[in-house]
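Dear colleague,

Please find below the structure that I am handing over to you. My findings follow directly after it.

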Amino acid sequence: MLLQTKYFGRVECPEGHLLRFDRGLFGFEEEREFCLLPFEGSEGSLLCFQSAVTPQLAFVAMNPFTLDPGYAPVLTAEELRALGVERSEELCFYALCVVRSPVADSTVNLRCPVAVNDRTGQAMQVILETGGYHMRHLLSEFGGGRGEGPC
């Protein structure tokens, strides 16, 4: 599928790489399909959720494990069932960002990550009730660690 994107111009998103959200993202419930695209030079830690339908709709995301190697999201049994897995560790997680200038003033939402079953392409934004995570962590809070996540 050829997509017109907000940050990358026209790109090819193979059908198998399309992520499907049954409920969309919070505030964008009508948007159900996104392509996850890495920003060049970010080594996969800075990504973009690009809408497959709306070219100007894109969300910057980060691999939360690169920020906090101890990040440990735990989903409910219902969320796990909806994503087709038994354990949270079977999923990939991405934290949405609000990019500001200077970059140190940017924030990352660790409380409401996007969980992705990378085998099926099923995705869901969730609200974590445990772990003490917040919706607006300043990037400057993190020491630049290069933690390894499952994806």
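Leu 110 touches Pro 64, Tyr 71, Ala 95, Leu 128, Tyr 133, His 134, His 137 and Phe 142, where contact means heavy atoms within 4.5 Å and residues up to four places away in sequence are not counted. This is a predicted model, in which local features need pLDDT of at least 70 and side-chain atom pairs count only at pLDDT 80 or more, while totals for chains, interfaces and linings use all residues. Residues are numbered from 1 along each chain as its sequence is written, and side-chain values use heavy atoms, with hydrogens and water left out.

Leu 110 is also among the residues with the most contacts inside the largest nonpolar core, together with Leu 75, Leu 91 and Val 108. This core has 25 residues. A nonpolar core is a set of buried Ala, Val, Leu, Ile, Met, Phe, Trp, Tyr and Cys residues joined through side-chain atoms within 4.5 Å; buried means under 20% relative accessible area, exposed over 50%, and partly exposed in between (1.4 Å probe, protein chains only). Another core, of 15 residues, lies apart from it and includes Leu 25, Tyr 94, Val 116 and Ala 123.

There is one disulfide, defined as a pair of cysteine sulfur atoms within 2.5 Å. Cys 13 and Cys 35 form it, with their sulfur atoms 2.2 Å apart, and both residues are buried. The torsion about their S-S bond is about 100°, so the disulfide is right-handed.

Cys 97 is in no disulfide, as the nearest cysteine sulfur, in Cys 48, is 11 Å away. Cys 112 counts as buried, at 4% relative accessibility.

With kind regards
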